[in-house]
Amino acid sequence: MRDLTGFVETRQQLLTLKPNHRMNWIGFAVAHHLNSNALKAVEILEAYEGTLEDDFPPDNERCEHGEMLLYKISLLEESGSLERALDELHKKELKIVDKLAYKEQEVSLLVKLGRFEEGATLYKALLAMNPDNYRYYEGLQKCVGLYSENSQYSSDQIELLDKLYKSLRQQYNWSSAVKRIPLDFLQGDKFREAADNYIRPLLTKGVPSLFSDLSPLYDHPGKADILEQLILALEHSIRTTGRYPGREDKEPPSTLMWALFLLAQHYDRRGQYDLSLSKIDEAIEHTPTVIDLYSAKSRILKHAGDLAAAAALADEARCMDLADRYINSECVKRMLQADQVPLGEKTAVLFTKDGDQHNNLHDMQCMWYELASGESYFRQGDLGRALKKFLSVEKHYADITEDQFDFHSYCLRKMTLRTYVEMLKFQDRLHSHSYFHKAAVGAIRCYIRLHDSPSKLTAEEDDDISKLPPSQKKKLRQKQRKAEARAKKEAEGKNEESSASNVSKTGKRTVKPVDPDPHGEKLLQVEDPLAEATRYLKLLQKNSPDSVETHFLSFEVNVRRQKVLLAFQAVKQLLRLNAEHPDTHRCLIKFFHKVDSMAAPVTDTEKLIWSVLEAERPAISQLHEKSLKEANKVFLEKHQASLMHRAAVAELLYALQPEKKPEAVKLIEESTNNPVATNGALGPVKEWKLKDCITVHKLLETVLDQNAALRWKERCAEYFPFSTYFGGRLSSAVANSAYNQSKNPENGSADHSQSSPTVDPLAPNGKLEAFKDLTIRP
């Protein structure tokens, strides 16, 4: 409950009642610490130590006592008494069992006291214990004055860092961290040389995670181009001579396959999907038995927009190792992304216990699965099932919050005090976790859609009931109540049957409740969807205040609830976070357009709201001495080259001046997909992202112009030839695509009866062999 004042009082009473009980002393100290009074907590722990004998602790309590001492020192550090903390640490060295924690605490205090030489010596001692701990290298850099938060270094600093890591490499030549960290700060030829030395042994060894390791370097300007030239040179040399450039030793045949694998992932990251697929196909042809190749090809096809082909390739990988849970999970994710929910469910339950599999997935708190299937149901318009999945994730977080009760007494008894305080801090920010954020966003979107278009079935039922005479209404209600009672009785009967059948070997019955609402139909019967959405919105505002999505949803909900000031508050938060974001501009103009079109204020409350808006409006720089139309025009001039900004401007132009619809459509259609500036890329990489183009298509289709939407679809099919959404010529959605041509190799013609591939869940192993042969054809 976080009633910390009450906690202190309760702990004081417990200590007064039983002062000879160690746990009461510790509990009282922790209570003061949580109440932001670290020095008082130290006093209590010292008072407790004063009651102990000199030869304490006995052997069986040494660990617990050492933990308490480390906790006391961390309290002194937190309160700023650094010298005292260091003296206490040295004094109690013999009584602290955890020597690694002792050294880490000591070096932390030395660095804070500015004793960097001693700190550097200690960090080197820690590196001798674990030379792959990145935090130790970071600490050592701080001690020698060569650390930067944003990884920006001068040329002199880079030279000194290079020398430092060369000397460390001689000491810890088996460490991968000491070879990988210099890649973050080195530039130009030195970077190329270091990357070459780092990549070669890992390609020879065949490390599948090499690209994941190098991936952060793609955010550094120019490094992606150097990596491309380097990997291409290695690939060419191995292909032609069988060895690395400048080397005498021959490489094993697998090295070429791993080089192709790395290149495929590189081109995938740069958005050159045709090159990426040609490389991965060559790697598969070279060694058809490596599962990682099929998984990578599945990922490439997903990024390229062919979700059905990606799901089939993932299934191909899964069938190559049926005992691998990770590959199974990745396959399920691809199937759900392709909206193949029934097949995804069948595949997911292969790794659950027998019986009610869906309850098993829920009991295992398998949140990624629930989020992915919820998003799939939402895309398909099945709001009941989508809500059910999103709300089950929210239920998991409620369970996690309840689970902390088991630890309050256990941690005090076992003296794991530092971890206990960390756990409490983690609980305070629990709802800021990305899974909860996604689930809350999904639920809010479901409720908004439910409010905008309420269930036709319930609306029709209400209309039918309202037309009936009172006597028949009464009969109908009685009939409904009886049906509900009957259904409840049947569910209880099923429970009893299942509990009778679920008798384990020990004779215990495992009762599994039957889900009374498997399709989420009852969740759709809420009286006020926006009130439900507001519940989740408050949690997002409290725990994810720096997310643009949070305030965008806040705007959408509050505009519908007619809460003018709350909607304006959301607009101000969006302007604070990112004033140039298309959604921020959209919300700002829509809000003031709505305000301008509202009737003049009548009540005192309305007048007060209007006075607030009038006072705030001039302070917004985007609207200062400008009309909404002018502000929209200025925004367009600032972001001429961006597709999403142009789409936002076009939507608002149509909202402000409906007669200018052709001009709004023209704004979008005149957007140009310019190549991204790259030095060494072997082909044009375009700016537009597939996700953005799909969003623009939906805007044209639903708001602006159906014909323009068709033209846009044809245009994007050229840019994204693998996209099933746009029907690209190389996608599995097109009858004469490479995939469909490979389906019937005997006569060389495709089966035109289906426009997209279907996955037969009853096939012997669920494979779609043809996807393996998906190649680039002109």
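Asp 339 is partly exposed, its relative accessible area being 29%; here buried stands for under 20% relative accessible area, exposed for over 50%, and partly exposed for what falls in between, with a 1.4 Å probe and protein chains only. The model is a predicted one, in which local features need pLDDT of at least 70 and side-chain atom pairs count only at pLDDT 80 or more, while totals for chains, interfaces and linings use all residues. Residues are numbered from 1 along each chain as its sequence is written, and side-chain values use heavy atoms, leaving out hydrogens and water.

Most residues other than glycine have a negative phi. Asp 339, although not a glycine, has a positive phi of about 60°. This residue sits in the loop between helix H19 (325-337) and helix H20 (341-348); helices are DSSP runs of H or I with at least four residues, strands are runs of E with at least two, and both are numbered from the N terminus.

Met 415 is also worth a look. Its phi is positive, near 65°, in a residue other than glycine. Met 415 belongs to the loop between helix H24 (405-414) and helix H25 (417-428), and with 1% relative accessibility it counts as buried.

Returning to helix H20, one finds Thr 347 there. Thr 347 is buried, at a relative accessible area of 5%. Leaving aside residues up to four places away in sequence, Thr 347 touches Arg 318, Asn 328, Cys 331, Val 332 and Met 335, where contact means heavy atoms within 4.5 Å. Thr 347 and Val 332 are 15 residues apart in sequence, and their C-alpha atoms are 6.3 Å apart in space.
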